[in-house]
Amino acid sequence: MPITTSGGGEGEFQILLDRQSALDIGAFVIDGVDISPGIAIPSDGDRRIDHALQGFFFTCGPDHIRHPESIEGDAEGRIFPLHGSLCATPVGWTRMAEADEAPGCSGETDVQLAGGGTARVLRRWSINPDTSEVMLADRITNTGDRPFPPMLMYHMNIGGWLMGEQTRISGTMFSGETRSWRFGEGERAHFCLPAAASAENGWASVTLGPFETLSGRSLTVRFLTDTLPYLQMWRCQRGSADVVSIEPVSHRIAKRTELAAAGEMSLLGPGNSIDYALAFQIG
């Protein structure tokens, strides 16, 4: 499901929505260049994640966001799947924007949670016709009969071959400093920083660029810190893998038991909802 737009003085771009994966973004094409990593990714052995990671945008959650951990209180010793239950769940219905509306698409996905219960993800993509900023609004509703602690992380994956010596990371959470895109040591690295305290009007932002291949343009991501209070970033340049990821996230890096003990795993009761929002722009 493609959405194509030209505007904001930044050329033409197209996002390709993936109906088989909760209306995530399979490709982000800017003036004919797809900035998603494609097959240049590492494999964790989970075919769902291998498929999702090749695209530009995929969603972890709503019951788990990182590597598998035991399901609390499960007598059979089952574990949460890698990056949660939503990935590779087909969207139930979709609606494209009408001609008199801003370009975009809405959809609804019902997901079976690993620990029992169900949740519904109501997703709306829209594009500002003046600035070409792509905006996402997600509402997660507990449609089951028991509470669960919602967790969410958005992966925005960029091919490492776009990076150059001048490519830097800047953002509201870096206290006015910039970082090299090749942060950390070795072939792969990650970090997770609090973003809420430095947010402006409740929104944090991070910019990666410039990209020589895109005529010196950069990618800027904004996210609402009420429910996405952390910025995580990850890179991998190992063997044939070459990917950098921007990841607004609901929780810091810690085991579920540690987060629960610290009071950071708030429960979402049956029938209740929680909202998440972000936006991204090439400019």
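Reader: Let's start with Cys87: is Cys87 buried or exposed?

Author: Burial is judged by relative accessible area: buried means under 20%, exposed over 50%, and partly exposed in between, using a 1.4 Å probe and protein chains only. Cys87 has a relative accessible area of 3%, so Cys87 is buried. Keep in mind that this is a predicted model, where local features need pLDDT of at least 70, side-chain atom pairs count only at pLDDT 80 or more, and totals for chains, interfaces and linings use all residues. Residues are numbered from 1 along each chain as its sequence is written, and side-chain values use heavy atoms, with hydrogens and water left out.

Reader: How many disulfides does the count come to?

Author: A disulfide is a pair of cysteine sulfur atoms within 2.5 Å. By this rule the count is 0 disulfides. For Cys87, the closest cysteine sulfur is in Cys60, 7.3 Å away, which is too far for a bond. Cys192 is in no disulfide either, as the nearest cysteine sulfur, that of Cys60, is 13 Å away. With 22% relative accessibility, Cys192 is partly exposed.

Reader: Now the core. Which residues touch the most other members of the largest nonpolar core?

Author: In soluble globular proteins, nonpolar side chains tend to be buried together. A nonpolar core here is a set of buried Ala, Val, Leu, Ile, Met, Phe, Trp, Tyr and Cys residues joined through side-chain atoms within 4.5 Å. The largest one holds 59 residues, and Phe28, Phe56, Leu219, Ile246 and Phe280 touch the most other members. Apart from that one lies another core, of 20 residues, among them Leu82, Trp234, Ala254 and Met265.

Reader: What is Phe280 in contact with?

Author: Contact means heavy atoms within 4.5 Å. Leaving aside neighbours within four places in sequence, Phe280 is in contact with residues including Ile25, Phe28, Phe56, Trp125, Ser132, Met156 and Leu219.

Reader: Ser132 is on that list. Where is Ser132 found?

Author: Ser132 is found in the loop between strand 8 (118-127) and strand 9 (134-142). Helices (H or I, at least four residues) and strands (E, at least two) are DSSP runs, numbered from the N terminus. Phi of Ser132 is near 65°, a positive value in a residue other than glycine. Ser132 is buried, at 5% relative accessible area. Asn201 also has a positive phi, near 55°, but Asn201 is exposed, with a relative accessible area of 80%. You'll find Asn201 in the loop between strand 13 and strand 14.

Reader: And empty space? How much space lies in the largest cavity?

Author: Rolling a probe the size of a water molecule over the atoms shows where empty space is left. On a 1 Å grid over the protein atoms alone, a cavity is a set of points where a 1.4 Å probe fits but cannot get out, while a pocket is an open set with protein on both sides within 12 Å along at least five of seven lines; lining residues have an atom within 4 Å of a point. Grid points are joined across faces, edges and corners, and a volume is the space filled by probe spheres set on the points. The count comes to 1 cavity of 30 Å³ or more, and about 60 Å³ of space lies in the largest cavity. Of its 11 lining residues, Phe13, Phe28, Ser132, Gln281 and Ile282 are the closest to the centre. Strand 18 gives the largest share of that lining, 3 residues.

Reader: What about the largest pocket: which residues are closest to its centre?

Author: The largest pocket has about 490 Å³ of space. It is lined by 26 residues, and Arg66, His67, His83, Met153 and Gln232 are the closest to its centre. Strand 13 gives the most to this lining, with 3 residues. The second largest pocket has a volume of about 300 Å³, and of its 16 lining residues Glu72, Phe80, Phe148, Pro149 and Arg256 are the closest to the centre.
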